[in-house]
Amino acid sequence: MRRLVPALFALALAATACGSEEPSAQQAEAKTLTVFAAASLTESFGALGKQFEAQHAGVTVKFSFEGSSALVQKLTQGAKADVFASADQANMDKATKGEVIDGQPSVFATNRLAIAVGKGNPKGVKGLADLAKDGLTVVVCAPQVPCGSATKKVQQSSGVTLKPASEEQDVKSVLAKVQSGDADAGLVYVTDATSAAAKVDKVDFPEAAGAINNYPIAVVKDAPQAALAKQFTDFVLSAEGKKELAKVGFGAP
């Protein structure tokens with residue numbers, strides 16, 4: 001009996017140890033969801049990514065924020081991603097024609113242009129026409145970038161011709177030049193100017209209503225994490241997603 005008791009005790013300890021290891025064996029497998037998204041989505045998608053991670057144990061959301069045209073080029077050249085969110089329909093159409101999109105894209109938000117100026121608006125910019133005046137350094141997005149395409153439409157519809165000092169590859173680069181003082185004003189999205197309210201002032205102008213951008217999102221073809229990609233797109237399209245996007249001024253689809 002004296003020999004049996006220690007043996008039984010050892011068996012009990014072993015069983016307890018095995019039981020304590022069971023939860024760790026059931027932990028969610030670590031997965032990385034790769035999202036290619038337009039630069040203007042940086043703040044909103046950054047917040048949504050954290051929320052999505054909190055709701056999906058073991059999942060890390062990795063973002064690549066650039067101009068939509070650059071992202072489409074990467075996808076068509078074979079870059080691996082799970083989700084693509086564009087700042088306009090034209091670049092999503094290019095991705096679809098390039099056969100890198102799985103299924104039908106869905107529009108999740110809208111955006112429009114605004115003028116970003118230095119804090120206090122030292123040059124006294126009041127509207128779009130002011131950007132054509134001499135002595136003002138203005139920067140815009142390149143034509144192939146969604147914010148550049150919108151800028152071109154606004155110029156055509158308003159009759160205002162701009163002479164930009166530079167044409168940037170994404171909207172954040174335009175914003176950065178205004179923030180640094182390298183430019184007096186820049187055409188950006190309302191959402192970018194709102195997100196950077198501590199560093200720039202925003203000047204709205206009525207002509208922007210003539211160039212509203214739709215933002216579509218889709219799962220990438222042969223996505224490494226196809227199931228998670230669908231869940232993320234559904235999350236962006238949900239009431240929670242729309243609420244986060246609205247915080248910086250994105251409009252409803």
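Residues are numbered from 1 along each chain as its sequence is written, and side-chain values use heavy atoms, with hydrogens and water left out. Because the model is predicted, local features need pLDDT of at least 70 and side-chain atom pairs count only at pLDDT 80 or more, while totals for chains, interfaces and linings use all residues. Helices (H or I, at least four residues) and strands (E, at least two) are DSSP runs, numbered from the N terminus.

An open sheet of five strands has mixed pairing and the order β2-β1-β3-β10-β4; two strands pair if DSSP finds at least two bridges between them. At its edges stand β2 (59–66) and β4 (101–111), each with a single partner strand, so one side of each lacks a neighbour in the sheet. On average, neighbouring strands are turned by 20° against each other, direction ignored. Strand β1 (residues 31–38) runs parallel to β2 and is joined to it by eight bridges, and L33 stands opposite V61 in β2.

Two helices lie across this sheet. Helix α3 (residues 68–76) lies across β1, β2, β3 (83–85) and β10 (213–220), at about 130° to β1. Helix α4 (residues 89–97) lies across β3, β4 and β10, and runs at about 175° to β4. Such angles run from 0 to 180 degrees between N-to-C directions, and axes are lines fitted to C-alpha atoms, for helices over the stretch in contact; contact means heavy atoms within 4.5 Å.

Strand β8 (residues 185–189) pairs with two other strands. Five bridges join β8 to strand β5 (residues 113–118) in the antiparallel sense, with L113 opposite Y189. Strand β6 (residues 138–141) pairs with β8 in parallel over two bridges, and V139 has G186 as its bridge partner.

G159 follows α5 and has a positive phi, near 80°.

Helix α8 (residues 226–237) packs against helix α9 (residues 239–246) at about 60°, with axes 4 Å apart. That angle makes α8 oblique to α9, a class left over once angles under 35 degrees (roughly parallel), over 145 (roughly antiparallel) and 65 to 115 (roughly perpendicular) are set aside. F235, V236 and L237 of α8 meet A239, E240, G241, K242 and L245 of α9 in this contact.
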